[in-house]
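I opened the notebook to go through this model piece by piece.

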Amino acid sequence: MDPELHDRLDELQRDPYPHYARARAAQGLTYAPELDSWLVARDADVREVLRRPEDFSSANALRPDVMPAPAALAVLGGGFGGRPVVVTADGTLHQELRAPIVRGLSPARVAAVLPYAAERAAALVDGFIKNGEEGGGGDSSRSEADGEDGKGDGGEGGRVELMSAYAGRLPGEVIGRLVGFDPDDVPALVHGGHRAEQLLFRPMAEAEQIAAAEDVVATAHRLDAFVRARHADPREDLGTELIMSVAGPDADELTLDQRHQIVGHLQNLLIAGHLTTTALIGTTLLHLLRDRRQWELLCAEPERIPAAIEEAARYDTALQGFRRVTTRPVTIADTELPAGAPVFLAFGSANRDGSRHSRPDDFDITRPIGSRHLSFGFGTHTCPGSQLAREQLRVTLEQLTSRLPGLRLAEGQRITMRPTLIHRSPERLELVW
C-alpha cells in the first residue's frame, strides 16, 4: 500500500466515526479508497447486505490491508492452515464450518466455563492490585499519539496498565480452557494471534515481516501438535469437537489436509475468541471511566451491568466491520455495483445511525435495551461467541465495580486507539485507584 494512503487508513482506523457520519449523510454508497471498498454505513443497508449472502460473498472477509512481501509469504507456506474458515465461507460450506463452533460454544458449555472465567478474573485483579499498590503495576509512560486526554482527579493508591495486565490475558485463558489447550501454551498462542494480525494489517519492513511470519508458523505447528494429540486422546472440549467435525469419529489417522483444515479453524477461533473480547474490555472501561457519573452509577447499581455491556458494544464496536464482495451486479442504497465489487460493512457506523438509535453519539448506560445493535453481526454470520464475550465483560465489571469503585483514568495520559477496524481498542489504558 502507498505510504500516504496507509497514513490515511491509519487516521480512519484510529477515529472512523467522522468518516462514518459523512457516509451516512451521503446519497447512496461512498467509496473509501483507504479501504479499497464501498462503505456500507447505514443500519438498514448493512442489514440488507447481511440478509443477501448469495449476492454479497464473505470470501474476502479477512483480506489483508497490507500484502506481506514474497519472502514472508514463502515462510508462511511452511505452516499449517490456509484453508477456508467460517468467516470467509458461504452457503453450505459456511454452515458445515459453523456447526461445530456453535456446538462448542453452546449455552451449556459457556455456562460450564464461567466459574473458571470468574476465578481467573479475580486472580488477575488480585495480581494487579498487589503489584499496583507495591508500585509495580505497569509502565507509567505516556503515549503522545492521537487521542483524548485521560482525566483523573489526583492521588493514587495503586496503578495498572489494564490492557497488558488484564484485558489481554483473561480472554485468551478462557478460550484456551474451552478449546482444551494446556494453560502453559496459551500465552504463546495468544502471541501468535497478535503476530498474525500485525503481519496482515500493519506495514512492516521485510525483516520484521519475516520474523512475524516465523512466529505465525511456529504457532501453527504448535496447534498441529495439539490437534494430533487430541485426536489420539479425545476429550469433552471444543478442540475435540472441531477435530471430529472434520475427520469423523472413526478415523484412525488424520490426513495432512484434515490437519490443515483443523489448524485453520483453531487459528480463526483463537483470534476471534481473544482479540475481540480484549478490545471490548478495553473500550468499555475507557468510556465508563471517562464519565464518572456513569461509573459511579454502575458501582451503586450493579444490576445495570447487562445494559452497560450492550451500550459499550454499540457505542464503540470492537469489530468495526467486515469486508464482502459482490457475486453479481447488484444495487444497494441506490448504488449500482458490478460483480466483484468490494464493500465494507461498517457495523460501527450502523451502531451510530440515528434512524435506529436515539442520541447515537452519546454513551449512556441507562439507554433502554431495545433496538438491537450490530456489534456481533446479524443473520447467518452472527458471532457464535457473543454470549461468551458478554459473560467475560460481565465478570470483569462485577470484579472492578465491587473491588475498585475508586478506579479512574490516570491523569495526563494520551489515549491512542489501535489502528485497526478488526479489534478496535486502546493501545494502553493506565488506570489508578
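This is a predicted model: local features need pLDDT of at least 70, side-chain atom pairs count only at pLDDT 80 or more; totals for chains, interfaces and linings use all residues.

E9 and strand E10, residues 430–432, pair in the antiparallel sense, and two bridges join them.

Three strands form an open sheet, in the order E4-E10-E9, with antiparallel pairing. Strand E4 (159–161) and strand E9 (408–409) stand at the edges with a single partner strand each, so one side of each has no neighbour in the sheet.

I then turned to the five-strand sheet. This sheet is also open, its order is E1-E2-E8-E5-E3, and its pairing is mixed. At its edges I found strand E1 (30–32) and strand E3 (56–57); each has a single partner strand, so one side of each is left without a neighbour in the sheet. Inside that order I checked E2 against E8. Strand E2 (residues 37–40) and strand E8 (residues 342–346) run parallel, joined by three bridges. Val40 has Leu345 in E8 as its bridge partner.

For a side chain I picked Tyr315. This residue lies in helix H14, residues 305–315. Is Tyr315 buried or exposed? Its relative accessibility is 14%, so Tyr315 counts as buried, the cut-off being under 20%. I listed its contacts, leaving aside neighbours within four places in sequence. Tyr315 touches Tyr17, His287, Arg352, Pro360, Asp361, Asp362 and Phe363. I also took one distance to a residue elsewhere in the chain. Thr92 is 223 residues from Tyr315 in sequence, and their C-alpha atoms are 33 Å apart.

Last, I looked at the whole chain. I count 16 helices and ten strands in its secondary structure. The C-alpha trace spans about 60 × 55 × 45 Å along its principal axes. Why call the chain compact? A compact globule of 433 residues would have a radius of gyration near 22 Å, and the chain has 21 Å, so the two agree. Buried residues make up 56% of the 433. Among contacts with a separation of 6 or more, 78% join residues 24 or more positions apart.

The accessible surface comes to about 18100 Å², and carbon and sulfur atoms hold 52% of that. I noted 48 positive and 64 negative side chains, with the centres of the two sets 3 Å apart.

How values were computed:
Residues are numbered from 1 along each chain as its sequence is written. Side-chain values use heavy atoms; hydrogens and water are left out. Helices (H or I, at least four residues) and strands (E, at least two) are DSSP runs, numbered from the N terminus. The radius of gyration is taken over C-alpha atoms; the globule rule is 2.2 Å times the number of residues to the power 0.38. Buried means under 20% relative accessible area, exposed over 50%, partly exposed in between (1.4 Å probe, protein chains only). Contact means heavy atoms within 4.5 Å. Accessible areas come from the Shrake-Rupley method with a 1.4 Å probe; for residues, only the protein chains shown count as cover. Lys and Arg count as positive and Asp and Glu as negative; His and the chain ends are not counted. The place of a charge is taken as NZ of Lys, CZ of Arg, CG of Asp or CD of Glu. Two strands pair if DSSP finds at least two bridges between them.
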